[in-house]
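Work through the exercises below with the sequence and the coordinates at hand. Each task is followed by a worked solution.

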Amino acid sequence: MIIRKTLKGLRTQIEHARKNGKSIGFTPTLGALHAGHVSLIDRTVSENDISICSIFVNPTQFNEKTDLAKYPRTFEKDSKLLKKANLDILFFPSVNQVYPKNLDTGVDVDLGGLDLQMEGAFRPGHFEGVVQVVKRLLDMVTPDRLYMGQKDFQQFTIIQRMIDELKIKTELVVCPIVREPHGLAMSSRNERLSKETRKKAGKIYQVLTEIKENFRDKTPDEWSNWAMKKLKRRPLNPEYISFADGHTLKPIKSFNRHKYVVVCAAVWADDVRLIDNVIIKKH
Ligand code: AMP
């Protein structure tokens with residue numbers, strides 16, 4: 001595995017690969033890697049000639065400065081994991097490499113309101129930062145395929161929209177959510193939970209699964225109230241449980257009128273904010 005910290009070094013590798021007609025797969029991450037990330041890397045490695053992963057804690061997507069400061073940074077462990085997964089190139093740039101002072105990295109794209117719902121409503125500016133960093137990384141890496149997780153449902157939906165709107169020649173591949181044994185969606189933030197809270201947070205997935213299995217029994221609003229009550233038990237405290245149309249991400253009032261429905265949750269567990277989702281139906 002080759003580690004590159006500058007765009008210049010990365011470009012040399014990419015140009016070499018391109019000259020030899022090789023396909024490039026890319027997985028962007030914030031680091032503090034776990035089995036969820038590894039599942040994306042495995043797909044990137046198996047489906048492309050050259051696999052690239054970036055580790056970059058993007059400051060522009062953190063709406064809370066304390067969240068950015070507390071974000072785990074475990075580069076040595078991460079690079080060992082990536083090497084073991086047979087990754088070809090690890091891109092580990094500094095903030096100056098990604099956002100050089102003389103470059104306007106703002107992205108002007110119509111997201112059709114996808115960024116205003118759910119996470120967008122609770123984390124102002126978050127998706128602007130995500131779009132900015134993913135666009136910049138795509139410009140730097142120029143991959144044939146981009147790998148992202150279903151875990152961040154709204155994120156991959158917005159990135160697909162950006163790719164379509166800007167006619168970027170990269171295919172987005174969405175990978176399933178990898179979970180801990182008791183159901184909690186894997187996340188770098190889980191490391192900050194006590195063992196007990198981590199186990200109790202498995203309740204989030206239990207509740208979402210129960211909804212999926214019985215969704216015809218209640219309306220989306222009724223399910224939402226039911227789930228909020230179920231999850232409002234210490235150390236958990238739900239911020240929202242939203243039923244959305246999978247295409248528009250707008251809240252839905254009835255299951256019948258939509259072909260693609262997802263339930264998304266944001267739940268505090270002690271002082272850690274967790275998100276999860278389950279696709280209720282997709283035709
Ligand atoms: P992050 O480092 O949290 O920005 O995540 C990098 C990528 O890994 C994103 O596309 C996430 O959606 C994906 N990811 C994070 N956690 C999981 C998980 N538990 N299962 C599958 N993909 C995940």
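Helices (H or I, at least four residues) and strands (E, at least two) are DSSP runs, numbered from the N terminus. With these names, Leu 249 is placed in the loop between β7 and β8 (260-269). The model used throughout is predicted.

**Exercise 1. Backbone exceptions**

Find the phi values of Leu 249 and Lys 167, and state whether each residue is buried or exposed.

Solution. Most residues other than glycine have a negative phi, and most peptide bonds are trans. Leu 249 has a positive phi, near 65°. The cut-off for buried is under 20% relative accessible area, and that for exposed is over 50%. Leu 249, at 1% relative accessibility, is therefore buried. Lys 167 also has a positive phi, near 50°, and is in the loop between α8 and β6. Its relative accessible area is 68%, so Lys 167 is exposed.

Which peptide bond is cis, with omega near 10°? The bond from Arg 234 to Pro 235. Pro 235 belongs to the loop between α11 (220-231) and β7 (236-245).

**Exercise 2. Helix α2**

Check the length of α2 and locate its buried residues.

Solution. At 1.5 Å a residue, the 13 residues of α2 should span 18 Å; the end C-alpha atoms are 18 Å apart, so the two agree. Gly 36, His 37, Leu 40, Ile 41 and Thr 44 are the buried residues of α2. Because they cover an arc of only 140° around the axis, they are on the same side of α2. Their packing partners are β2, β3, α4 (75-84), β5 and β6.

**Exercise 3. Domains**

How many residues of domain 1 are in contact with domain 2?

Solution. The chain is divided into domain 1 (2-175) and domain 2 (188-282). Their centres, taken over C-alpha atoms, are separated by 26 Å. In contact are 22 residues of domain 1 with 22 residues of domain 2.

Definitions and conventions. Residues are numbered from 1 along each chain as its sequence is written. This is a predicted model: local features need pLDDT of at least 70, side-chain atom pairs count only at pLDDT 80 or more; totals for chains, interfaces and linings use all residues. Side-chain values use heavy atoms; hydrogens and water are left out. The expected span of a helix is 1.5 Å times one less than its number of residues. Buried means under 20% relative accessible area, exposed over 50%, partly exposed in between (1.4 Å probe, protein chains only). The arc is that of the directions from the helix axis to the C-beta atoms. Contact means heavy atoms within 4.5 Å. Domain bounds come from an automatic or database domain assignment.
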